[in-house]
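Hi,

Here is the structure I said I would pass on.

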Amino acid sequence: MYLCDLRVPLRRVKGVGPQTEKDLGSLGIHSVGDLLTHRPRDYEDRSKRIPFAAAPQNGGRFNTTAFVECHDFFYVRGMKTLKLILRDESGQAELSFFGRNERATAHYAKKYPPGLRLDIAGTVAVSFGKLQCVKFEMEEAGANPELFSAVLPIYPLAGGLAQKTLRKIIRAVCGEGGHLEDEIPAAVREAEKLLPLPAALKAVHTPASLGEADLGRRSLAFRELFLLQMEVARRALRRKAAVRPERAYSPALQEKLVQGLPFRLTRDQVKCVGEMRADIQADHPMARLLQGDVGSGKTLIAFLGALLFTQAGRQTAIMAPTELLARQHADNAARLLEPLGVRLAFFSGALSGRARRPAIEALRAGDIDIVIGTHALFSEDVEFRDLGFVVIDEQHRFGVAQRNRLFVKGLHPDVLVMSATPIPQTLALSAFGDMDVSVIKTMPEGRKPVETHLALEGKEQKVYDFVRGELARGNQAYFVYPLIGESEARDLKDAQSMHRRLQDDIYPGIQVGLIHSRLGEEEKRNIMAAFSAGEIRVLAATSVVEVGVDVPGATCMVVEHAERFGLAALHQLRGRVGRGNCQSYAFLVYSPDYTELAKKRLRVMKETTDGFRIAEEDLLLRGPGDLTGVRQAGLLDFRFAALPGDTRLMLSARAAANAILEQDPGLLAPQHSCLRGVGAPA
Ligand code: ADP
Ligand code: MG
């Protein structure tokens, strides 16, 4: 039996009543299997004795055997309160039963008479020069020795669930794990010096030492990573098994486009185009992740790829995460590709029925070479005559699952996923582990790194003055805010109010625009066009300008309440400037009462413009978060593994999975990816 088969409902577990069932449910625990994979958030090591006097005073732990030396009574707000004076070999400590009524006090006095020996563990505090037991657990000496000599797991709790109750329940079901089969071949496990599944579960929930608990966790983490890597490797194999005839694609159109450009391709662009071309001509579909920092020129690579297909009479779909970006790509395509005779179409959810039907017809008939749009391109009623190539821009805004939807339609196009949020290698290998990766590192010539300044709220006048100078030079600026409109709840600047202030007070006489997600698509389009043309000089915005927007004349990016933005978002925002040949500036205005973590994050922004480093830092500081949208896809929702900490473990899990599948591709059918969250979408 496998762990996933332990779907035994909680009602059948001893000690679980309706209330406990509800509390467990709110922790996401619905079965015995879920109980077994409920990870302790910490451990309390009671394997060692710590007498009172040895406990670090203020919050320090003790674990000792003491006897009740005598009772003392005192009054707290008129309430008679019992105090036990305890003594162990090291000295004295006091233990008070606060807030009990008369009857309870009498009850405890009787239950803990002078002379009684107690096993007791807890933490101490010093008050009025005396050691006080604060949080404690005690039993008559010898009544429950395990409780005072073991390493105890500390679980996340919910509702009225007590730590003690949950320990008891899990300890009881741990026995049920005894006959579980392990998906990891013994040889792999032994090479890694890890425990088999049943032993690993026991080690995590009832460890004899902290070392054993850690070994258990690592064993279970490896299992999760291994199952994920098996799934990833299987997906890659399936793709490579979808064999098609090799085919030569002529680069004639590509070359024509390159010759007409006012600049030369960077070395990395040339390399990526080459890698893509090799994929396209290969005998199995391409799945390539193109990573390149903002402004590195990914769009052009997508166009160059598409032209290979156009030349061969096949179709391309380019998808962007927002209407705004899709429009921008469409405009660029019109400028660069239409002169080459390429037939273009735009497609989005905003397309009215009247415009939609002819577009769909044209796609079906093959009268369109390249269609550019939003995820509406995935709609059921959209069909292609011969879809050869799919480009997905800014992958992190898409669920990973989306790229699989095409395959459900029975299509096996070549797929290029482009990401400007650099995906740290650890994530790339797990979530996108079945894809080949191309990286653009070299930026187009003449680009100067953006100068970044942190400014304390209250000093933003200086920033405004600096921007005024840039505007006088004919340059443009973005001002970004965390909110669209005024919020009663929070004392934050918002785009709408600041739009008025910027226009009326700060930059009178200069055209200030406003853009945010609540505006209609057409309005957004017009505003961006006006900003692009330089008619609007200052743009007050929310993070809608985050992804991909390209206006080379903009040299200033001011983000107010910068502490409210993630690092990845800040990096994207900063990438909106520095796209032309002038020196550009980013100003991150932060509020004085921000957390240490926010401070650290902003410092990273100042120190580096390397998107990969920023992504790594973000991962370290915040965990995977929304960095790539992979969390929603459930891909990194591990119970025991944690990235980037477990990177080494993941690399060996990956190597093991690849080795196994290479030897025997039929091995290990996918049904055993059973831990919650683990197992990639089909
Ligand atoms: P991103 O990688 O962020 O999507 P874009 O594709 O939007 O970047 O490119 C940013 C800008 O750089 C565009 O204006 C594009 O025309 C320009 N560009 C692309 N490649 C080069 C190059 N080799 N030399 C100079 N400019 C380039
Ligand atoms: Mg882009």
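**Helix α18 and the rest**

Helix α18 (residues 567-574) is largely enclosed by the rest of the structure, because eight of its eight residues are buried. Buried here means under 20% relative accessible area, exposed means over 50%, and partly exposed is in between (1.4 Å probe, protein chains only). The buried residues of α18 are L567, A568, A569, L570, H571, Q572, L573 and R574.

Some housekeeping before going on. This is a predicted model, where local features need pLDDT of at least 70 and side-chain atom pairs count only at pLDDT 80 or more, while totals for chains, interfaces and linings use all residues. Residues are numbered from 1 along each chain as its sequence is written, chains are lettered from A and ligands numbered from 1 in the order in which they are written, and side-chain values use heavy atoms, with hydrogens and water left out.

**Overall**

The protein has 21 helices and 20 strands (DSSP runs numbered from the N terminus: H or I with at least four residues for helices, E with at least two for strands). Its C-alpha atoms fill a box of roughly 100 × 70 × 45 Å along the principal axes. Of the 682 residues, 55% are buried. Taking contacts (heavy atoms within 4.5 Å) with a separation of 6 or more, 73% come from residues 24 or more positions apart.

**Ligand 1**

There are 16 residues around ligand 1, and G295, K298, T299, R447 and D550 come nearest (near means a heavy atom within 4 Å). A backbone N or O atom of G295 is 2.6 Å from an oxygen atom of the ligand. For S296, a polar backbone atom is 3.4 Å from a ligand oxygen, and a side-chain N or O atom of R579 lies 3.2 Å from one. On its own, ligand 1 has 580 Å² of accessible area, and the protein covers 83% of it.

- R288 is in strand β8 (residues 287-292) and is buried, at 9% relative accessible area. Beyond four places in sequence, R288 touches E275, D279, V415, L416, V417, M435, D436, V437 and S438.
- T374 lies in the loop between β11 (370-373) and β12 (387-393). With 7% relative accessibility, T374 counts as buried. Residues that T374 touches beyond four places in sequence include M319, A320, F347 and G349.
- V544 belongs to the loop between β18 (538-541) and β19 (554-560) and is partly exposed, at 23%. V544 and S517 are 27 residues apart along the chain, with 6.3 Å between their C-alpha atoms. Leaving out neighbours within four places, V544 contacts L324, I515, H516 and S517.
- D494 sits in the loop between β16 (476-480) and α16 (495-506) and is buried, at 2% relative accessibility. The D494 side chain makes a polar contact with the side chain of S497 (2.7 Å); that term means a pair of N or O atoms within 3.5 Å, where within protein one must be able to donate a hydrogen and the other to accept it, and residues adjacent in sequence count only if both atoms are side-chain atoms. D494 and E44 are 450 residues apart in sequence and 47 Å apart in space, C-alpha to C-alpha.

Cheers

Terms used
Accessible areas come from the Shrake-Rupley method with a 1.4 Å probe; for residues, only the protein chains shown count as cover.
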